[in-house]
Amino acid sequence: MKKVAAVLLFVITMCAIPAMADNPPESIAGITLGKNYDSIRSMLEMDSMDSRWNEDYLKRVEIEPMEGYRSGYIVVGNCKRKNEILKMKLNYADDSVEFFDKIYDKLNKRYGSPADWRGNPFGTLKVWKWSLHDEKGNISLILHHFSGEDDSITQGNSIKLSRPGFLTEERACWKKKHPQPDEPSIPAKRKGLNWYLPY
């Protein structure tokens with residue numbers, strides 16, 4: 001009887017996995033991965049569009065505050081998938097741990113147990129990551145909570161959705177189109193104080 005139950009459980013589990021893999025998320029709050037950012041232009045602070053340091057292959061645009069979210073941004077391609085949304089981060093208006101737990105429970109039921117935990121032992125940082133797949137490749141889904149004192153970490157609750165493979169392709173495309181010039185060799189060290197003086 002135990003063997004039959006174990007086999008039945010295995011079959012049910014194996015049948016459930018493809019169903020989850022066939023329906024990974026692509027959208028949050030009307031923002032969809034792979035769409036041109038023009039599809040949500042009214043939601044964006046267009047004056048904020050900029051590339052982060054050393055990431056010319058991507059453009060980041062801030063999202064206007066909207067119902068249920070206090071802030072956020074999208075990242076769009078600047079090479080192979082120019083102006084396509086490749087990543088998004090939305091910061092929830094509700095910063096409570098209770099809200100975080102509710103969102104986690106919903107995601108866990110919808111996509112199964114997350115693949116990765118990145119929290120701290122103090123409970124001030126809680127990060128769950130799901131790695132999901134569809135015919136286009138990998139989708140990363142990250143749920144984040146922080147209630148500590150570090151200003152470099154986003155406070156409260158946030159959610160990220162991205163296609164890591166597309167981000168990597170953008171970088172490769174940019175490097176191919178914009179090869180780095182050969183670095184000039186460092187001059188031999190000059191003797192005495194001359195090393196410290198302009199020449």
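A patch, as the word is used in these legends, is made of residues with over 30% relative accessible area and no salt bridge, where like charges are joined within 9 Å and nonpolar side chains (Val, Leu, Ile, Met, Phe, Trp, Tyr) within 5 Å. Accessible areas come from the Shrake-Rupley method with a 1.4 Å probe, and for residues only the protein chains shown count as cover.

The model is a predicted one, in which local features need pLDDT of at least 70 and side-chain atom pairs count only at pLDDT 80 or more, while totals for chains, interfaces and linings use all residues. Residues are numbered from 1 along each chain as its sequence is written, and side-chain values use heavy atoms, with hydrogens and water left out.

**View 1. A nonpolar patch on the surface.** L193, W195, Y196 and L197 form this patch, and together they have about 490 Å² of accessible area. Y196 belongs to the segment that follows α3 (164-177), where helices (H or I, at least four residues) and strands (E, at least two) are DSSP runs numbered from the N terminus. The relative accessibility of Y196 is 62%, so Y196 counts as exposed; exposed means over 50% relative accessible area, buried means under 20%, and partly exposed lies in between (1.4 Å probe, protein chains only).

**View 2. A patch of negative charge.** D94, E98, D101 and D105 gather on the surface in this patch, for which Asp and Glu count as negative, Lys and Arg as positive, and His and the chain ends are not counted. The place of a charge is taken as CG of Asp, CD of Glu, NZ of Lys or CZ of Arg. D94 is found in the loop between β6 (85-92) and α2 (97-111), and D94 is partly exposed, with a relative accessible area of 33%.

**View 3. The salt bridge of D134 and R163.** The side chains of D134 and R163 meet in a salt bridge at 2.6 Å, N to O, a salt bridge being a side-chain nitrogen of Lys or Arg within 4 Å of a carboxyl oxygen of Asp or Glu. Because D134 lies in strand β8 (residues 125-134) and R163 in the loop between β10 (156-162) and α3, the pair ties together parts that are 29 residues apart in sequence. Salt bridges that share partners join E26, D134, K136 and R163 into one network. D134 counts as buried at 17% relative accessibility, and R163 counts as buried at 2%.

**View 4. The salt bridge of R41 and D38.** In this pair, the closest N and O atoms are 2.7 Å apart. R41 is partly exposed, with a relative accessible area of 39%, and D38 counts as partly exposed at 44% relative accessibility.
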